[in-house]
Each structure stands twice: as C-alpha cells, then as structure tokens.
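Here is a briefing on one protein model. Look through the sequence and the structure first, then read the points below.

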Amino acid sequence: MAGRVGRSLQLSPEGKEKAQKALTDRCLTQNELAKELKTSRETVSKFFRGKLVDRQYFVKICEELGLEWDEIVAKSASQPAQEKKQQDSALDIDALVQEVREKRHEKIQDQCGTMRMLYISQPVALADIYTDVNILEEITSQQWREISDLARHFNPELDNFNRLGLGEVRQQRVPGLDAVSRYSKLMVLGKPGAGKTTFLRWVAIKCNLGEFQSNRVPIFIWLKNFAEDTRTDDSESRLLNYIIKEFRRCGIADKSVIETILTEGRTIMLFDGLDEVSEEDADDVVRQIRRFAEDYFKNQYIITCRIAAQKSVFQGFTDVEVADFNSEQVEAFTKKWFVAVAKNDGKEGEGTARRFIDKLNLPENQQIKELVVTPILLNLTCLVFQTKGEFPSKRFKLYEQGLDVLLIKWDEEKGIKRDEVYQNLSLEDKIELLSQVAAITFEKNRYFFEQGEVEQYIAEYLSSLPDAQTDLTRLQRDSTVVLKSIVSQHGLLVERAREIYSFSHLTFQEYLTARHFVTSSEPQAKRLIRYITETRWRQVFLLALSMPWNSDSLLLLKQQIDELSAGEEKLQQFLSWARSYSFCPPLVYIPVVCSCKSLVLRAFYLELVLDLELALDREHHLIHQVFALTSTVDLNLACSLDLNRAVARVINCAYSLDTTIYFEMDIVLHLIRGRTDELKQSFQNLKRQLPNPSVDSLIFKQWWQVKGQNWTKQLKTVMIQYCNIGHDWQFSKQQKKLLQQYYDANELLVKCLNNSEVSHEVRQEIEDTLLLPIAEIEKRQQRVL
C-alpha cells in the first residue's frame with residue numbers, strides 16, 4: 001500500500017500566489033476545498049504553504065483550482081538528502097493514514113453513527129440527537145471537603161431554595177472536544193446514563209468525517225464485546241489481534257499497515273464501557289489496555305467508565321468527569337428529541353419542545369427539572385411528555401419509572417449482566433433499602449452523609465433480612481460492598497466528595513421517603529403526619545398523598561391538621577366568624593345555596609385575612625384547589641371574590657403608603673359596577689378624596705401625611721360594612737405563624753385530595769368539615785353517631 005504513494009511535489013513561490021488567487025476567485029476556504037476533494041485539511045494546508053504533498057493529491061488540488069500542475073510545481077528541491085528522506089517518509093505516512101481512513105470510513109459510520117435510546121424501537125442518527133457535553137477536570141468524588149461546605153448553599157427550609165444545589169458544581173466546565181484536544185490520554189468517568197458512550201461515539205464520528213483530528217484513524221472498541229470475543233485467545237497480544245481482525249473486515253489485510261500507524265501514533269483509540277466488562281474478564285482487559293498503551297504510547301486514548309466502578313489506575317491517563325446537563329443543554333437536547341426521536345416535522349417538533357421547556361420551567365415542575373440534568377432521565381421525561389403533551393399529574397409514577405430505568409432497564413437495554421456482590425437482594429429489596437436510607441436521612445435533615453453513617457443504615461437493613469449475617473465484621477464488609485454497588489451500578493447514591501454521599505437527586509430522596517412511610521405500618525404514617533407544617537416536607541407529603549393510602553391514614557391527617565389551631569381560642573373565633581359569614585355573606589356576594597360555596601367562602605376568608613395580617617399579595621393556591629375539589633363553577637361568585645381581593649389590595653396599599661392605591665381604587669370601581677348604589681357611592685367618595693400621584697407625587701405624599709390616617713379609617717369602615725373584611729384581629733406573631741401553618745397544611749390536604757384516589761365517603765367527610773372550628777366539627781361528628 002505504501003509503495004503506491006509516489007513522488008511528492010510542492011508549489012513554487014510563484015505557484016503559491018497563483019494557487020491562493022485561484023482559491024479566492026472560487027470563493028472557497030481551505031476547509032471547504034478539503035471537503036470537496038474528500039481529503040484532509042492538513043494535506044490542503046500543506047499544499048498552500050508550499051510544503052511537500054503526495055503527487056496524486058497535488059495534481060487533484062490543481063485540477064480543482066483550474067491550474068496546470070506542471071506550471072506551478074517547484075522544479076527542484078535543495079534540502080539535504082536526509083531531510084528530504086524524512087519528509088518523504090512523513091508524506092508516505094500521511095498518505096497511508098488517509099487511505100486507511102477511507103477504507104475504515106463506512107465501518108466507523110455504521111458502528112458509531114446511530115444509537116439506541118431507551119424505550120425507542122428504532123435507532124436514532126447520532127448527529128440528529130447529540131448534544132455537546134461538558135467535562136469537569138476535577139473529579140468531585142476525589143475532592144476533600146466537609147459536609148458543611150457542601151450544604152452551605154443548600155437549605156430546603158426556604159421556599160425558593162435551589163433544588164439543583166444538591167449536586168451543584170463550582171468549577172469550570174470544559175467542552176468535551178476541548179478536553180480531548182488537551183489530554184492525549186483520558187479516562188472519562190460519569191454516572192449511569194450521563195452520556196459517556198454517546199460522547200465517545202461523537203468523537204469517533206467527528207474524527208471519521210475529518211472534522212476533528214483528521215490525521216488520525218479512529219478505532220472504537222466496546223470492551224464488553226472485546227472481552228467476550230477474545231476469551232479463547234491466550235496470547236499476550238489479544239487487543240492487537242482483535243484490531244487486526246477489525247481492519248481485515250474493512251479490506252486492510254496487511255498487518256504492517258496497522259503496525260505502522262500504531263507505531264507512528266496515528267490512531268485515536270476509543271475504549272467504551274470498562275465498567276461493563278464482567279468480573280472474570282476485568283483484570284485481563286485492564287492488563288491488555290495497559291500493555292497496549294505502553295507499546296503504542298504515541299497514540300491518543302480515551303476510556304469510559306462509570307465513576308464509582310473505576311478500580312484501576314492507568315499510568316499517564318488524566319481522569320475527567322462528564323458534567324450534568326445545564327439548562328441550555330437540556331433545551332438543545334429537547335429540541336432535537338421532539339424532531340428526531342418523536343419523528344415530528346421540524347415545526348411541530350420545535351413547538352412541542354417549546355411547550356416542554358415552558359412547562360418544565362414552571363415552579364410546580366422544579367422536581368422534574370432537577371431530574372432531567374441526567375440525559376437518560378431527560379429521554380424518559382420527553383417520552384412521557386410526548387404521549388399527552390403534559391407531565392403526569394401523579395408524579396410518583398414518573399419517579400417510579402426513573403428508578404426502574406436506573407436499577408434495571410438501562411443495563412437490560414445494553415445486554416449487560418453485572419456480577420453483583422449483592423445479587424441476593426431482589427429489586428424490591430433494593431428499593432426497600434434505598435427507601436429506608438432516604439427516610440432516615442430525611443428525618444434527620446441530612447442531605448449529605450458520611451460513608452460510615454450510610455454504611456450503618458445499610459447494615460441495619462441487611463441484618464433485618466431472613467437468614468441475615470450475624471457476624472458484625474462480615475456485616476460491615478457487606479454494607480461497604482453494597483454501598484459501592486449502588487453508587488457504581490445504579491447511580492442513585494453519589495459520592496459528592498471523598499467519603500461523603502448524597503442521593504443523586506433530592507427528588508429521589510423525597511420520593512423514596514414518601515414511599516417508605518406510605519408502604520410501612522400505621523405508626524409510620526402517624527410519624528409522617530407530625531411533619532405536616534414543615535416546609536421541607538411539602539414535596540414528601542404531595543408525593544405520599546398521591547399514592548394509595550388507606551382511609552384511616554387520610555382521616556388521621558385531617559384530624560392532625562384540625563388540631564393545629566385547636567388550642568388557640570382567637571384562631572377558633574376567626575374560624576367561627578368565617579363559617580358564619582360563609583352561610584350569610586355580605587352585600588357584595590350572591591346568596592349561598594350549597595355547602596360547596598360555603599367551603600369556597602371559608603377558604604377565601606382564610607386567604608384574605610392572611611393577606612391582610614401578613615401584608616402579602618400572593619398567589620391564592622388554596623381557593624383554586626377548593627374550586628377544583630368542589631367542582632364549583634359560578635361566574636358571579638368568582639367576580640365577587642375578585643372584588644374583595646381588589647379591596648384588600650387597597651387596604652394593603654394604605655398600610656404601606658403605596659402610590660398605586662389610586663389605580664387600585666380604579667380597579668375596585670370597575671368591579672363594583674352592577675352592585676348596590678350605596679357601595680358604589682362609598683368608594684367613589686373615597687376615590688375623589690385621593691390626589692393623583694402620577695400628576696404630582698409630592699402633593700400626594702403631603703396630603704397623605706395629613707389626611708391618610710383618617711382616609712384609611714373611612715376605607716376600613718366601608719370594607720367592614722359592605723365586604724366584611726378589614727377587621728383588626730390583633731393576632732400575635734405566634735398566632736400568625738400558626739395560621740400560616742394551618743393554611744399551608746389545608747392547601748396540601750386539598751391538593752392531595754384532588755390528585756389521589758379516595759373513596760367518595762372519605763372525600764365527602766373531609767370536604768364537609770374542612771376549615772371549620774373544632775366545636776363545629778365535634779358537633780357534626782356527634783350527629784353522625
């Protein structure tokens with residue numbers, strides 16, 4: 001093959017000028033010319049720089065440029081004989097590499113150009129779905145950090161805390177191909193489903209197309225196949241023999257060709273899935289790679305492996321880690337998925353992707369947004385969304401599927417049977433173990449935990465199994481092995497720093513905690529209910545109450561919520577007042593003729609008083625949930641509630657001297673059209689007294705300092721007379737806090753009733769006594785008895 005290269009030629013100085021002009025005249029770049037000729041950019045670059053180029057490529061380039069090659073070629077060379085010999089030798093290697101690349105081209109495209117995606121029946125073109133990955137140059141699990149360092153920016157007690165902070169990385173991300181260019185030998189680590197194999201295939205394809213390291217021959221080897229296919233080969237050169245066979249299938253039978261390009265370092269060796277090699281083959285595969293990398297050290301090497309499964313250190317290799325997707329990568333992947341995978345046309349697919357991203361960014365979907373930073377879970381979420389154009393209302397079903405993917409489906413899809421040290425644990429055992437660890441750590445408000453702590457929880461679970469190991473030393477050793485297996489094989493626990501672990505996603509910890517309490521005995525359910533008022537338990541309750549519960553547990557939850565306010569006489573007085581006016585509302589309301597409207601009004605008064613007492617202007621989630629629960633559709637009622645909210649905003653503006661009060665009064669006057677003349681006249685009179693702050697804000701402030709207090713008293717009188725709002729309840733700080741907890745707990749209960757399967761009798765019993773004072777609840781219960 002090398003003998004066919006022929007003599008090398010180079011441009012004369014005058015020829016260089018003519019060649020550059022011809023390129024410019026054709027409006028081409030050197031890269032575009034290389035693509036048209038299907039040759040390497042390096043060869044074209046050498047041509048224009050006046051360097052020696054193989055004769056066949058020299059003539060080919062000249063023909064493409066419309067030049068006579070013999071008119072622009074240098075007539076003689078003056079370099080010393082030894083230098084010329086070396087250059088000719090280098091040109092021979094370049095030509096040899098290009099010829100091998102051409103013969104291997106179809107094989108690499110077939111091997112790496114498509115990929116199978118979980119639950120997708122047909123292969124997908126890699127170029128249609130690939131999303132650029134980022135690399136972390138510092139392995140998170142190898143850093144020495146304290147739990148306090150990791151938890152510093154992670155506080156679930158706050159309503160707006162960053163859920164992604166659990167795995168937040170505070171180091172620069174490097175584009176994947178940049179990392180390959182920077183390091184000649186790479187060990188690419190990552191969690192299950194992080195995109196390691198996809199990235200490795202992309203490197204192979206980019207190289208194959210001449211768009212990355214076009215002077216090398218890409219060789220892609222799935223190590224699981226290599227180990228299985230070469231078990232009968234006892235030679236020390238198993239890996240080389242395997243490559244020779246691969247090349248032979250591409251029509252390259254001359255072993256010296258392979259030896260030459262390997263010796264000269266002209267390949268990029270891509271070894272995929274070191275963790276997927278069976279335990280019996282693992283040591284030998286590692287030994288083969290080490291020996292090969294030492295013998296052919298000039299080549300580029302990339303090995304992929306799950307992050308916690310890496311047992312061997314390869315001399316001269318740099319360890320890097322595949323980073324989670326950021327928001328831009330999630331959006332890019334989604335756009336490609338809904339076109340290429342879902343097989344929509346471009347416009348329809350992009351429209352679905354936009355809806356997906358818009359819904360993903362909604363506050364109520366933060367738990368899902370947290371999961372989709374992992375490509376395998378993003379693929380699952382896109383698949384679920386594709387069916388109905390919505391995320392599932394019962395989120396726990398999506399999380400169940402996510403666990404199923406990580407615990408079993410992903411390895412099944414790839415045909416991998418791992419030699420689990422904890423193979424005696426069934427799938428149910430593993431989920432139960434993870435649920436127990438999640439519940440214990442969540443109850444202790446621990447999101448990061450040391451290795452010894454989590455191993456202790458694992459040991460406690462293992463000791464509770466039938467025929468459990470009783471030797472403490474053996475039990476401790478088994479718990480260490482189980483922990484490493486969960487981390488390396490499933491990625492549900494992650495080593496965030498040396499010997500410090502957490503769940504891979506807070507969502508999984510919350511789901512598993514909820515599952516633990518729901519599937520456990522009644523005393524466990526009672527223990528869960530104690531946390532009903534704690535902010536960080538909110539998602540656990542939403543998940544738990546969307547799962548199948550027995551009726552007694554749900555009624556127990558309702559009883560626990562009612563008892564929150566039972567000991568506070570003033571709160572009971574408020575609930576009694578709200579009940580009485582829900583049956584006999586003031587003038588701005590239509591008459592109440594059914595209990596469902598009475599419940600709506602009780603919820604409304606609770607929200608309104610909270611707004612006034614805490615001076616808030618917020619979303620009214622409880623009343624929206626109550627409307628859904630009671631299926632109440634009444635336009636007049638809704639308009640009346642809007643009016644009362646507008647009046648409440650006016651009083652809040654008055655308390656805070658907000659100049660928008662003038663315009664809020666306009667809204668009130670608009671909403672009271674069609675109401676009583678007395679109500680309308682009262683508000684018109686109040687509005688006439690107010691100076692317009694947009695005309696002169698200084699006059700408004702001066703007026704307010706003199707007359708604002710008296711004006712506010714007039715406003716409150718009108719509000720109490722016509723709207724029954726504005727009473728000064730004089731709640732203490734503790735009572736306000738308790739009222740807020742009572743509100744949050746009831747909102748949670750109603751939301752769960754709307755999203756869970758509950759018998760009609762239980763639902764009706766809860767609905768009939770919702771937001772009532774204890775005395776009224778007890779009275780109704782006595783009637784039933």
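Helix α22 lies across strands β13 and β14 and runs at about 95° to β13. Axes are lines fitted to C-alpha atoms, for helices over the stretch in contact, and angles run from 0 to 180 degrees between N-to-C directions; contact means heavy atoms within 4.5 Å. Helices (H or I, at least four residues) and strands (E, at least two) are DSSP runs, numbered from the N terminus. This is a predicted model, in which local features need pLDDT of at least 70, side-chain atom pairs count only at pLDDT 80 or more, and totals for chains, interfaces and linings use all residues. Residues are numbered from 1 along each chain as its sequence is written, and side-chain values use heavy atoms, with hydrogens and water left out.

**The sheet and its helices**

- Strands β12, β14 and β13 form, in that order, an open sheet of three strands with antiparallel pairing; two strands pair if DSSP finds at least two bridges between them.
- The edge strands, β12 (449-450) and β13 (493-497), each pair on one side only.
- Strand β13 runs antiparallel to β14 (residues 500-503), and four bridges join the two.
- Opposite Ile 500 in β14 stands Ala 497.

**Helix α22**

- Helix α22 has 19 residues (472-490) and should span 27 Å at 1.5 Å a residue, which agrees with the 26 Å between its end C-alpha atoms; the expected span is 1.5 Å times one less than the number of residues.
- Among the buried residues of α22 are Leu 475, Ser 479, Val 482, Leu 483 and Ile 486. Buried means under 20% relative accessible area, exposed over 50%, and partly exposed in between (1.4 Å probe, protein chains only).
- After α22 comes Gly 491, with a positive phi near 70°.

**Ile 135**

- Ile 135 is found in strand β5 (residues 134-136).
- Its relative accessible area is 1%, so Ile 135 is buried.
- Leaving aside neighbours within four places in sequence, the residues in contact with Ile 135 include Gln 172, Val 174, Ala 179 and Val 320.
- Val 188 is 53 residues from Ile 135 in sequence, and their C-alpha atoms are 8.6 Å apart in space.

**Cysteines**

- Zero disulfides are found in a search of the whole structure; a disulfide is a pair of cysteine sulfur atoms within 2.5 Å.
- Cys 62 counts as buried because its relative accessibility is 1%.
- Cys 207 is buried too, with a relative accessible area of 0%.

**Salt bridges**

- The count comes to 25 salt bridges, a salt bridge being a side-chain nitrogen of Lys or Arg within 4 Å of a carboxyl oxygen of Asp or Glu.
- Asp 281 and Arg 231 meet in one of them, at 2.6 Å from N to O. This pair links distant parts of the chain, 50 residues apart: Asp 281 is in helix α14 (residues 279-295), and Arg 231 is in the loop between α11 (223-229) and α12 (238-249).
- Asp 281 is buried at 9% relative accessible area, whereas Arg 231 is partly exposed at 43%.
- Glu 246 and Arg 249 form a salt bridge with their closest N and O atoms 2.5 Å apart. They are three residues apart in helix α12, so about one helical turn separates them.
- Glu 246 is buried at 14%, while Arg 249 is exposed at 61%.
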